[in-house]
Amino acid sequence: MIYKRFNSPVGVLTVFSSGKGICRIEFENEKFSLEGFKEGSDFYIEECIRQLDLYFQKRLRNFDVKLDLQGTEFQMAVWEEILKIPYGSVVTYGEIARRIGKPKAARAVGQALNKNPIPIIIPCHRVIGSDGNLTGFGGGIEVKKFLLKHEGVKIGG
């Protein structure tokens, strides 16, 4: 398992590859252990960084990076649904819960998003509270605001 750091408009992102696909992206404010990983690169990392760079240049709206996701059945269902949210759109936690057939699980959806290992590509920044407020995000609320504004979403503040 390898990783490479990438300077982005939202700070340094660390992109991880399992050798089967991208398995993680970390913001610089997160304290993820690099134990078991070595610095390096492979096709998946280079392609991911290329696509992230294009995204930040507003030249890419849909990622097609190969992902190597690991999670519970519920987490996987949530992440797969999040991948369907179009660029420049937002949905609520409750809406995601309804879409996966668990209408009372909005809070559990939030917990699954908290465990999202591949932010930006799995666009959990596009999920907001039922009152329209921006809620927790691994990169911080300011990064969430930046990403939404970057995609043309009108937000307060």
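Modeller: The lining of the second largest pocket divides into nine nonpolar, one polar and three charged residues. The classes are simple: Ala, Val, Leu, Ile, Met, Phe, Trp, Tyr, Cys and Pro are nonpolar, Asp, Glu, Lys and Arg are charged, and the others, Gly among them, are polar. The volume of this second largest pocket is about 180 Å³. It is lined by 13 residues, and Asn 62, Phe 63, Leu 83, Ile 121 and Pro 123 are the closest to its centre.

A word on the source: this is a predicted model, in which local features need pLDDT of at least 70 and side-chain atom pairs count only at pLDDT 80 or more, while totals for chains, interfaces and linings use all residues. Residues are numbered from 1 along each chain as its sequence is written, and side-chain values use heavy atoms, with hydrogens and water left out.

Rolling a probe the size of a water molecule over the atoms shows where empty space is left. Here a pocket is an open set of points on a 1 Å grid over the protein atoms alone, where a 1.4 Å probe fits and protein lies on both sides within 12 Å along at least five of seven lines; lining residues have an atom within 4 Å of a point. Points are joined across faces, edges and corners, and the volume is the space filled by probe spheres set on them.

Now the largest pocket. Its volume is about 290 Å³. It has 18 lining residues, with Leu 113, Asn 114, Lys 115, Asn 116 and Gly 138 nearest its centre. By class, that lining has eight nonpolar, five polar and five charged residues. Strand E3 (22-27) and helix H4 (106-114) each supply at least two of the lining residues. E3 gives the largest share, four residues. Helices (H or I, at least four residues) and strands (E, at least two) are DSSP runs, numbered from the N terminus. Where does the largest pocket lie? Domain 1 (2-57) and domain 2 (73-151) both give residues to its lining, so it lies between them. The domain bounds come from an automatic or database domain assignment.

Most residues other than glycine have a negative phi. Ile 120 has a positive phi of about 75° although it is not a glycine. Ile 120 sits in the loop between H4 and strand E6 (127-128). At 1% relative accessibility, Ile 120 is buried. Buried means under 20% relative accessible area, exposed over 50%, and partly exposed in between, with a 1.4 Å probe and protein chains only. Lys 58 also has a positive phi, near 60°. Its place is the loop between H1 and helix H2 (73-82). Lys 58 is exposed, at 54%.

Then the cysteines. A disulfide is a pair of cysteine sulfur atoms within 2.5 Å. By that rule the count is zero. Cys 48 is in no disulfide; its nearest cysteine sulfur, that of Cys 23, is 10 Å away. Cys 124 is in none either, with the sulfur of Cys 48 the nearest, at 14 Å. Cys 48 is buried at 0% relative accessibility. Cys 124 is buried too, at 9%.

Two side chains make polar contacts. Such a contact is a pair of N or O atoms within 3.5 Å; within protein, one must be able to donate a hydrogen and the other to accept it, and residues adjacent in sequence count only if both atoms are side-chain atoms. Glu 47 lies in helix H1 (residues 43-56). Its side chain contacts that of Gln 51 at 2.7 Å. Glu 47 counts as buried, at 18%. His 150 belongs to helix H5 (residues 141-150). A polar atom of the His 150 side chain lies 2.7 Å from the backbone oxygen of Tyr 55. His 150 is buried, at 8%.

Last, two glycines in loops. Gly 40 is found between strand E4 (38-39) and H1. Gly 40 is partly exposed, at 26%. Gly 140 sits between E6 and H5. Gly 140 is partly exposed as well, at 21%. From Gly 140 to His 125 there are 15 residues in sequence and 10.0 Å in space, C-alpha to C-alpha.
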